[in-house]
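Subject: Structure handover

Hello,

I am passing the structure below on to you, with notes on what was found in it. Please read the notes alongside the coordinates.

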Amino acid sequence: MSLQIKDLSFSFGEKKVLKQVSFEVSNGEFIGLMGPNGSGKTTLLRCLMDYLPAASEAVLVDMKPIHTFSQRELARIFAVVPQSSTTDFTFTAYDIVMMGRIPHISSRFVGESRADADVVHQAMEKTDTLRFSNRIFSELSGGERQRVIIARALAQQPKTLLLDEPTVYLDINGQFEIMDLIKKLNKEEGITVIAVLHDVNMAARYCDRIALLNDGVVESIGPPKEVLTPDTIHSVYGLEVVIRKDPFTKAVYVMPRTSAPFVHRHGTRVHLISGGGTGGPIMKVLHDQGYSVSTGVVNVLDDDYVSANDLHIPVVAEVPFSQVSEEAHAENLRLISESSFIVVSSFPVGPGNFKNLEAARAALALGKTVFIVRPKDLPSIDFIGGRAETLIADLIDSGAKVSEDISDVLQMVPEVRRG
Amino acid sequence: MVASDPRKPGSDEMSSVSRRRTLILLGLAGLLALSILVALFIGTLGPIGPSAQHRISYGDALKAIFTRTGEWENIFWDVRIPRVLLAGLVGAALACAGTAMQAVFRNPLADPFIIGVSSGAALGAATAGLIGLTAAVSIFLPPFFAFITALVTVFVVYALGTVRGKVYADTLLLSGVAVAAFLGAIVSFLIYFVREQFHQLIFWLLGSLTLASWDMVLVVAIAAVIGSLLIFLHGRDLNALLLGDETAHNLGVDPEFLRKLMLGVAAMMTATAVAFTGIIGFVGLIVPHMMRLVFGADHRILVPAATLFGGTFLILCDAVARTVAAPTELPVGVITALCGGPFFIYLLRRSRLGGEMG
């Protein structure tokens, strides 16, 4: 079965919800519809199933406009799984699945046939719902209910499943269970899947292609790794993100970089001496508060290096597994001299990066305020036979201030600037 | 792949479902027949009854009923048999209408009485009676006028309970209660205004089967049979409607058309019943709910089950109404309300505790 959407526009009264949406879906594809609330995802889905009247010729099934199909014919092509289904009425799970046969039963004067019962049985087998076949639907858990609804959809023997945020009310277990089930049906039964999904990472993991909608327009469509880029996500969701690869599935993985994307950048410069992944959280807090952060010296493979790059902040880097070179140290000192104050994270100190502590001492000598962030009950960070602890004690004696975390530091900062 | 092998699991479930359906309906039909027979025996004159002076033997009663001979023939064939049959048909019509309304409103608390449709029908029939268009002129006049006003009422209440396309259960029920009270007041006003007798008012507001005649039996039978068949034939569609408009549409059902058709049919059945017996409350609430508790919500069982049991229920309620305060008769609506009121509160509490209503 082929599905084409050509210049599909739809308005609720004056409000245009879909503006000339066009794309094609090939047989057996798994397509995710994504976009912020109100971008038109659900409306698009409802136009596909002809629940909302789309302009004629806009949705074509096997090259024919959906208006040329009867409602019952469409019910055998598309099966819908809504966000959640509840009813106060005491249907059993079996009753619900049997409802999927309605579009196949030729007349209201005949009952369900043996063949119908077999289709229902198979649908329940595939969705692992046979074991609660006789239980009351409304008494099942959210995940079980959703499986039953998917079984009902399968009983329609559709070519295409249309799902509207099928996991939105489920816990994390349930979410993966349902998505795995849908993927299985997509692979094994060859059913085309078009799903409105709210979770980008869920979409990246399961979809062959993603259509990203924004304000009724398809902003981008293609494989997840092409669609889910920091730029598209920023333009559609207004959110700064970083993209990683899931180490197990190789799917792209989207992480919000900051929850406060529009901070006032006041330009006060801070230099962070870090390493071993201890600097990332501090960097992010300082960055979110509008400071211009720099950091160093870290090795290129260090998590702090990755974090600094994600935040696009200056970082003094050293090649992996090498000592801090003189050049790097000098660069570090230069950044320190240009900063209003210095923050030192509790990075593990070894012979390779001992110079970073010396840089902190140099900062004090330059008259800079130095804050040492040292969480309570931190195991020793000294991997250089006591020299690190001695130097830290010396820093504290010379006026470095110790805080348990970065937010305490920020509370002290205004005083520093005044003084 | 069509499996005709009875050992296949799907087929097993199938045949057990249809066997169960047949058994249920046979059982309920048997119960109805039994209740008719028992109700015929019960009465001031009869084998079972409150006054010992007027005892008729079972033999004489059976003889009068089945051979239309003997000294008691008129009692049975002119009075009691039409009355019991009318009770059965009215009960069946109200219960079936209630079942359809509950599905349409997706709310187990809906019923022709609570939604105000019965009051609407009573207004039409009472007005027709007061301006001289009585059953004596034509047996079809009171139900016709009742149908017009019932239809208007059901769609007014539906519109009041719907906000931007969504039916709000609480709004719907409150609108229904308000409309019912308002229309009931108009009925009372009209009856006082034209100085009719007090018993007329009681008749309309509490319901009674005292005026039962064969004509009425015939008219209500037509309405009940056509109505319940139409509703039964849309049983699968009603099932689908309960999963929401979107799902119903996706299963090939037109939700808006189905709602209008079912409300129209329910109004027709209610109107015909009310036109001859006044407002008998709660039958359409209690019976579908009891049937749902026992047999589940599948309308292909529920509709016929509620229809059959509605008949049984009202026949028994009327038998109690006739005899419990002998020698006077209670309006049958008193008995159904005595059962229905507490039942309604129980359902309301339960749905509140369950957190979901409609």
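A residue is called buried here if 20 or more other C-beta atoms lie within 10 Å of its own. Please keep in mind that this is a predicted model.

Helix α8 of chain B

By that criterion, the buried residues of α8(B) are B:M216, B:V217, B:V219, B:V220, B:A223, B:A224, B:G227, B:S228, B:I231 and B:F232. Their cover includes α3 (73–104), α5 (141–161), α9 (235–241), α11 (255–277) and α13 (299–323) of chain B.

Six-stranded sheet of chain A

Chain A has an open sheet of 6 strands in the order β6-β7-β8-β3-β9-β10, with mixed pairing. Strands β6 and β10 (217–222) of chain A are at the edges and have a single partner strand each, so one side of each has no neighbour in the sheet. From one strand to the next, the twist averages 15 degrees.

Within this sheet, β7 (residues 160–164) and β8 (residues 192–196) of chain A pair in the parallel sense over 5 bridges, with A:L162 opposite A:I194 in β8(A). Helix α5 (residues 142–155) of chain A packs on the sheet and touches β6 and β7 of chain A; its direction makes about 170 degrees with that of β6(A). Helix α9 (residues 230–237) of chain A lies across β9 (209–214) and β10 of chain A, at about 160 degrees to β10(A).

Strand β14 of chain A

Strand β14 (residues 292–299) of chain A is mostly covered, with 6 of its 8 residues buried. β14(A) pairs in the parallel sense with β13 (residues 269–273) of chain A over 5 bridges, and A:I273 stands opposite A:G296 in β14(A). The chain goes from β13(A) to β14(A) through helix α10 (residues 280–288) of chain A, in a right-handed β-α-β crossover. β14(A) also pairs in the parallel sense with β15 (residues 315–318) of chain A, over 4 bridges; there A:V298 stands opposite A:A317 in β15(A). Together with helix α11 (residues 303–310) of chain A, β14(A) and β15(A) make a right-handed β-α-β unit.

Contact between the chains

The contact takes 31 residues from chain A and 35 residues from chain B. On the side of chain A that touches chain B, α2 (71–77), β6 (78–81), α3 (93–99) and α4 (114–126) of chain A supply at least two residues each. The largest share, 6 residues, comes from α4(A). By class, that side of chain A has 16 nonpolar, 8 polar and 7 charged residues.

Regards

Definitions and conventions
Residues numbered from 1 in each chain as written. Chains lettered and ligands numbered in written order. Predicted model: local features only at pLDDT ≥ 70, side-chain atom pairs only at ≥ 80, totals over all residues. Buried ≥ 20, exposed ≤ 12 C-beta atoms within 10 Å, placed from the backbone. Contact = placed C-beta atoms within 7 Å. Pairing = 2+ DSSP bridges. Right-handed = clockwise from strand over helix to strand, strands pointing away. Nonpolar A, V, L, I, M, F, W, Y, C, P; charged D, E, K, R; others polar. Axes fitted to C-alpha atoms, helices over the stretch in contact; angles between N-to-C directions.
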